[in-house]
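Visitor: Hi, could you walk me through this one? I'd like to start with how the terms are used.

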Amino acid sequence: MGNQAQILPGTLDLLILKAVSLGPLHGYGVLLRIEQISRGALLVEQGALYPALYRLVRQGLLKARWGVSDNNRRAKFYELTAGGRRRLREEEDGWNRLAAAIGSALKARPEEV
Amino acid sequence: MEEELRAHIEERAADLERTGVSKAEAERRARIEFGGYQRFKEECREVSGTHFFEALLQDLHFGLRMLRKSPGFTAAAILTLALGIGTNTAIFSYVDAWLIKPLPYPQAEKLMVFLSHDKKKGWTNNSVTSTADFLDFQHLNTSFEQTAAWAGWNFNLTGDGPPAFVEGGRVSWNYFETLGAKPILGRTFTAEEDKPGGGHVAVLGQGLWQSRFASDPRIVGRTIKIDDETYTVIGVMPGTFQFPLMGIANLWTPMALNDKETADRNSSWFSAFGRLKPGITQTKAAAESEAIFARLEKEYPQTNTNATSQVSSMIEEIGKNEGTTQVMICFWIVALILLIACANVANLMLVRATRRVKEFAVRRALGATKGRLTRQVLCESLLLFFFGGVAGTLFGAWGMKWIHSAIPDHVRGYLVNYGEVNLDFTTLGFTLGIALLCGLVFGLAPAFEGSRADLNTPLKESSGQASESGRGARLRRILVGAEIALAVVVLICTTLLVRSFLISVRSSPGFNPANVMVAQLQLPKTRYRQEKTMRNFTEQALERIRALPQVVSAGAASSVPFGGFGQVVLIAAVGKPAPKPEERRGARFTAASTDYFSAMQIGLVKGREFTSEDGPGNSPSAIINQTLARQMWPNEDPIGQKIQYGEQHNIATIVGIVTDIKMSQLRARPERQMYVSLTQFPSPSLGFVARTAGHSTEMESAIRDEIWAVDRDQPVSAVEPLDTLIMVTDARNRVLTKLMVFFGVIATFLGAIGIYGVIAHQVQQRTHEIGIRVALGASPVQVVRMVLGQGMKLAGIGVGVGIAAALGAARSLASLLYGVTPNDPATFTGVALLFGLVAAAAGYLPARRAMRVDPVVALRHE
């Protein structure tokens, strides 16, 4: 558990969008997928997942429809809308720029200042 | 959502099972991991849409609590709104009943009334041009399915009870058919019965059938005595049947025009209407009518020059009787009053909002959105206006009851539905509608005020010093200024109308109506065929009435002023060139007994009254009024001249001149009036006037008894004071005036409250400043001037704008004014001064409070 990073508030939405962009998922599936693609480093708190999903649906970035899961159970599946795809791209770009900036700041050596 | 979350848990449990955990254990762990999901069910719901209604309910609940916490504000606001909205409710119900709802006939909009119109002189009246003209029109027109005629008529019923005077009408055979009204018993007339000698048949009204004939189930076929002749009842009309142009009617007989009447191309005694054929419009019918009458003009130049007939919608004509103009004026005035009331309430709400700025700032800082706050304040406003609407409905219902009771029974016959107006759904809907609309419009400003962007300043400020922010205060000043302007407009309009009424009532009618009792009756032809018998009756009755101890003087006439009917004859001066047909003049014609003028206290200007000299066999005498004298004999003494009048071209010698009197309206124009001696020309319709020493109720029965002593079968109409007759005729104006007084008072009162609010608030704001000034040596007078200054300036601007607006608005009242012009300077200056005084008075209390400010306390006041 020591390798797990804290999920910053606000990044959950980004992760959900990314997870769903790889294919429609139901709630539990999104949880697993995030764990999977972060190679176990990010665990989503179950309490935060569904409110975030509903919020994204309300904002028009995800759309939901009822379907049947692998275990033959009825579940709600979420997939990206066009707006969601757009938002994912924007957030990804923003996040990458931020990461690069922080990264270069952290690499500063005493001689450079 | 439940399902989704459960599915999640089950998936997790299945996963755990696959790693070897037992099913029960897996489920337990899955559920623990997920946590109590109740708490984020809440969050989920918050994020999804169903939240809206719950939030709304919450807002309403909160709003109610806030209103309850400030009972003073709530009570004041609701009362103000009750006044504003209630008046609108009451007036709208009349607008709805009289102007919007249709007449109770099928396809009533197709019913058209024929008005006669003189193209040269420009006058119009509601009877047909002449009998022969109407009959020709009936044959020649192609626009109307049916045309029918009617005339109000009074009947004497005898037998089956005490002799009674019944109001009703003589109508053409298809009168009921054309309207589309059906009897509840029997049938209505046939064409055969509408001929002279076509059998005496009558239709009763349900009221008469119940009261006089005890709802006899075999009334159809029963014979009754009308005017001493036997008639057979052939049908009964329902109590709901009404014909507002005629007034109250309970008995109808066929017109049965005789040959002489059908050939009469000079005059007529009835009015007419028709039902348009499907597809024909009013304009088309009017054009055809003009064309037909143009033809008649050519064919009969002696009688028909310049005569034509206009086609008007019956709904419009009834509206004129009801007073459409008056109702609409009330409507606009109460709309203004509503605006004034709303402005007042908006001000109250704004002041309250500024006090709560700190509360809102705290809530905003804690995370409430601007939208949410705005919505909540708006909810509060809507709640307030809703309650105001409810209170207004109650107030309005009470107002309607008052108006209803103020209209005399007699007048009700001319109102649709007998003046009954109910609080129905349309009116309730209207009330609710305007309450909520005003709530939205006037509630927005305080709502925005409360959720302003700036958070820091309110939080930093100390509690009492609610900021006199530029925007908020200016809005309040604009509201009060507008309010005052509106109040001035309302007050000016109502004052003009009230003054018109007072002037008309105080203006002398030309006679002295105080302590005069009037008894009206009609001698039936059957028992009073000869002039001698009519004369004997009149003289005997007069003798007996004069003998009564309380009677000072008495007289009789063929029609009395304000008695409800009169006669007009064409006149010409003998010895002067004969006037052309279209220039012939008419005059009001009355046959009067000896002592009539002195009993009525009508001034005798020259010559003499009728005396016993003017008896049968002597040369006919006439008395004329000043207007007639002036117009016909402008440069000579009319006494001794001869005047020709009437159909038979009778000639009479003028023996006296009397002052003008008002015969049917208080607001009458001067008209030509002439009198002949009742002894020389006895009349079957009579009005006895008796001037009494004092008024007592026994006079009524005493007079009636004396008449019955002469002829016990003679029905007599209600014996009542002449004052009452005048009041009844003027009832509509009377009710309107009372309403206007009420509206004027409300408007002034609300305006005064507005000014008081502004000045009081000012004082409170500037207490600190006042303290400083007083400490620095300002005198109380200077303090008062400072405090009142802004308020009075505001009032001044408001009054100025109001007067300017009123100059325009009052012009629309012109048709209702009497004795005052729409721009009457006395009224305008009076109202301006009044408002100045009102503003000063309203500012007095707060100013006094300002003067008493203790500088030490004020300086410490935060």
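Guide: Happy to. Two residues are in contact if their C-beta atoms, placed from the backbone, lie within 7 Å. This is a predicted model, where local features need pLDDT of at least 70, side-chain atom pairs count only at pLDDT 80 or more, and totals for chains, interfaces and linings use all residues. Residues are numbered from 1 along each chain as its sequence is written, while chains are lettered from A and ligands numbered from 1 in the order in which they are written.

Visitor: Among contacts in chain B between residues at least 6 apart in sequence, what share join residues at least 24 apart?

Guide: That share is 83% in chain B.

Visitor: And what radius of gyration does chain B have?

Guide: Chain B has 38 Å, whereas a compact globule of 862 residues would have a value near 29 Å. The radius is taken over C-alpha atoms, and the globule rule is 2.2 Å times the number of residues to the power 0.38. Along the principal axes, the C-alpha atoms of chain B fill a box of roughly 130 × 85 × 55 Å.

Visitor: Which domains does chain B have?

Guide: The assignment, which is automatic or from a database, gives domain 1 (2–48), domain 2 (122–305), domain 3 (326–506 + 732–860) and domain 4 (528–712). The C-alpha centres of domain 2 and domain 4 of chain B lie 30 Å apart.

Visitor: Switching topic, how many residues does the contact take from chain A and from chain B?

Guide: It takes 16 residues from chain A and 17 residues from chain B.
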